[in-house]
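This report is written for a reader who is meeting the structure for the first time. Please keep the sequence and the 3D view at hand while reading.

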Amino acid sequence: MTQRRPLVEALLAFQKQRPISFHVPGHKHGRLSNLPEEMRSALLYDLTELTGLDDLHYAEEAIEEAQQLLAETYGSDQSFFLVNGSTVGNLAMVQAVCQEGDEVIVQRNAHKSIFHALELAKVRPIYLAPEWDASSLTAVGVSFDTMKRAIDAFPKAKAVVLTYPNYYGMAITELKQIIYLCHQHGLVVLVDEAHGAHFQAGMPFPHSSLALGADAVVHSAHKTLPAMTMGSFLHLQGTRIDSNLISKYLHMFQSSSPSYPIMASLDDARAFLQTYSQPDIRTFQEKRQRFIDSAKTIPSLAVIETDDPLKLLLRVENYSGYQLQDQLEQNGIYAELADPYQVLLILPLLKQQHVYPFAEIRSRLKEAVLALKKEVPSPVTIKALEQEKISVPELSFEEMNAAEQEWISYTQVIGRISATMVVPYPPGVPLVVAGEIWTTAKLESLLDYLAAGAAIQGEHRLHLKQLSVIQAGRQDE
């Protein structure tokens with residue numbers, strides 16, 4: 001089955017003219033570039049808004065048709081290409097829905113771009129702690145009960161921002177009911193579905209939040225579809241969001257010189273998904289299952305499946321995920337991430353014609369596990385932090401920006417208001433966000449993650465054992 005790719009076709013037709021460049025970019029179709037040949041050849045298509053190539057910000061031709069096909073594929077009312085990643089989609093949808101001072105209910109294990117969007121919009125966030133999943137050892141989604149309690153406690157809230165699925169492919173089963181509940185109370189539902197761009201392919205993948213009724217959904221097409229890095233989608237449906245405002249903020253936040261290779265890859269990724277057939281799905285499932293079955297025969301290796309068939313977790317008892325990751329990389333296998341317990345693999349969304357070296361991968365996995373077992377075991381146990389199910393920061397964004405900050409030893413932060421967000425990554429759930437108070441439990445959890453070798457995101461000076469807090473006089477006011 002073939003499918004039109006309007007922008008890809010327009011770029012190919014343009015190059016058939018053998019054009020001479022007296023326009024930007026300055027590499028002049030790659031002629032002036034000193035990049036390796038394999039990379040330089042792609043510069044033929046690194047073009048600008050020329051006749052026949054349309055304009056992302058005022059699309060009327062190939063890009064407009066490509067975005068219309070995107071909306072058809074996902075069943076949305078309107079869809080947009082994003083060339084600055086899902087980040088720009090998250091910024092735009094929050095700005096388009098919220099006004100300064102609005103109360104917004106936010107799932108706590110959100111991407112950092114959501115927190116940035118909240119700050120830019122100067123809203124008042126209400127954070128909801130996600131549930132803990134014992135099988136994947138990760139924080140997943142917000143429960144229906146938590147959402148109901150939050151809506152009852154904050155009846156003036158304007159919008160809800162959810163993350164679905166989580167990074168590990170865990171998809172909460174109550175999302176449809178949560179969205180319906182939110183709509184009953186007049187709330188706009190915004191979903192960062194960065195890791196679910198492929199859900200539209202249907203079973204065996206989870207339902208997309210678009211199909212479950214969300215008002216705006218962002219997809220990172222580059223994560224699971226064959227799009228280039230930074231290539232993403234934004235979809236709208238229903239009448240709760242003004243599409244003109246979305247367009248306005250995308251014009252403001254996106255580059256005025258969008259990448260044509262990224263846009264072409266989005267056009268191609270959409271066509272890839274739109275033509276993903278039942279035979280393709282069967283092929284993917286069969287190859288995936290054979291790989292899982294073969295991996296499970298490797299002594300000491302545990303393979304854990306998640307809600308999303310594209311995601312697999314690998315564990316070796318008594319060894320940390322970081323140790324396993326190191327051995328995998330020494331054998332040429334690069335996982336998506338490691339956490340204290342496991343590594344995460346993102347499988348390829350194969351079609352019938354695709355070949356992937358699963359037999360060789362299985363052999364390398366076995367070598368990595370055998371090498372790992374020769375190391376000294378270093379098990380990691382991090383007590384799951386019991387966050388309040390519903391919490392509001394002590395200070396607003398405006399108060400935070402006006403307050404003086406100071407750096408102090410992290411042994412002295414208990415009871416102090418954090419000036420920054422501190423996030424062990426993975427799992428990506430903030431221990432503390434700006435404006436919240438450091439507690440003993442939060443500090444102990446941070447120390448556990450540091451001891452395990454986890455990466456810590458956010459503004460900190462942990463190499464100096466320092467964290468930033470609001471000056472004591474300000475937080476006592």
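The sections below cover a helix pair, the nonpolar cores and the salt bridges.

## Basis of the description

This is a predicted model, in which local features need pLDDT of at least 70 and side-chain atom pairs count only at pLDDT 80 or more, while totals for chains, interfaces and linings use all residues. Residues are numbered from 1 along each chain as its sequence is written, and side-chain values use heavy atoms, with hydrogens and water left out.

## A pair of helices

Helix α4 (residues 85-97) packs with helix α5 (residues 112-121) at an angle of about 35°, and their axes are 9 Å apart. Helices here are DSSP runs of H or I with at least four residues, strands are runs of E with at least two, and both are numbered from the N terminus. The axes are lines fitted to C-alpha atoms over the stretch in contact, with angles running from 0 to 180 degrees between N-to-C directions.

Contact is counted for heavy atoms within 4.5 Å. On the α4 side, T87, N90, L91, V94 and Q95 take part, and they meet S113, I114, H116, A117, L118, L120 and A121 in α5.

## Nonpolar cores

A nonpolar core is a set of buried Ala, Val, Leu, Ile, Met, Phe, Trp, Tyr and Cys residues joined through side-chain atoms within 4.5 Å; buried means under 20% relative accessible area, exposed over 50%, and partly exposed in between, with a 1.4 Å probe and protein chains only. The largest such core has 107 residues, of which I105, M147, L225, L365 and L446 touch the most other members. Helix α10 (residues 260-274) gives the most to this core, contributing eight residues.

Apart from neighbours within four places in sequence, L446 is in contact with V422, L431, W438, I456, L462 and L467. A second, separate core has 36 residues, including L82, C98, V104 and V123.

## Salt bridges

With a salt bridge taken as a side-chain nitrogen of Lys or Arg within 4 Å of a carboxyl oxygen of Asp or Glu, the count comes to 14. One of them joins E37 and R40 at 2.5 Å, N to O; these two residues are three apart in helix α2 (residues 37-40), and are therefore separated by about one helical turn.

E436 also forms a salt bridge with R108, their closest N and O atoms being 2.7 Å apart. E436 lies in the loop between β16 (422-425) and α15 (440-452) and R108 in the loop between β2 (103-107) and α5, so the pair ties together parts that are 328 residues apart in sequence. Both E436 and R108 are buried.
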